[in-house]
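The model shown here comes first, and my notes follow it.

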Amino acid sequence: MFHTGRKAALTLALALGAPAAWALDPSFDCSKAASEAEQAVCASDALASLDLELARLYRLAESAPGQTKAGRDSLHAMQRGWIKGRDE
């Protein structure tokens, strides 16, 4: 159970909007966000969460059992195309 002082401090911090200090980081470095899409992801915890899930699924696809070099190359090419389309 929280100590009374800690509970009061946490309540005050939440009331003052401190959760922004605990913002969710996406799968990339926001200081290098170049496109409007990347900037939007950095500004939104909901989008950052979706970005993290997309990155997790991408890593699974890259390392899927039986994945070949040709399959990974194709996956990387599709990703580059997706990013290009996203940023247009």
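**Notes on the pocket and its helices**

I began with the largest pocket, which holds about 490 Å³ of space, and I noted at once that the model I am reading is predicted.

I then looked up what surrounds this space, and I found that 20 residues line the largest pocket, with Asp51, Leu54, Gln79, Trp82 and Arg86 lying nearest its centre. Sorted by class, the lining has 14 nonpolar, two polar and four charged residues.

Next I asked myself which helices each supply at least two residues of this lining.

On the α3 side the contact is made by Leu54, Tyr58, Ala61 and Glu62, while α4 brings Arg72, Leu75, His76, Gln79 and Trp82. I sorted the residues of this contact as well, and they divide into five nonpolar, two polar and two charged.

Finally I stepped back to the whole protein chain, where I counted four helices and zero strands, in the order α-α-α-α from the N terminus on. Of its 88 residues, 11% count as buried. Among contacts between residues at least 6 apart in sequence, I noted that 34% join residues at least 24 apart.

Methods. Residues are numbered from 1 along each chain as its sequence is written. This is a predicted model: local features need pLDDT of at least 70, side-chain atom pairs count only at pLDDT 80 or more; totals for chains, interfaces and linings use all residues. Side-chain values use heavy atoms; hydrogens and water are left out. On a 1 Å grid over the protein atoms alone, a cavity is a set of points where a 1.4 Å probe fits but cannot get out, and a pocket is an open set with protein on both sides within 12 Å along at least five of seven lines; lining residues have an atom within 4 Å of a point. Grid points are joined across faces, edges and corners, and a volume is the space filled by probe spheres set on the points. Ala, Val, Leu, Ile, Met, Phe, Trp, Tyr, Cys and Pro count as nonpolar, Asp, Glu, Lys and Arg as charged, and the others, Gly among them, as polar. Contact means heavy atoms within 4.5 Å. Buried means under 20% relative accessible area, exposed over 50%, partly exposed in between (1.4 Å probe, protein chains only).
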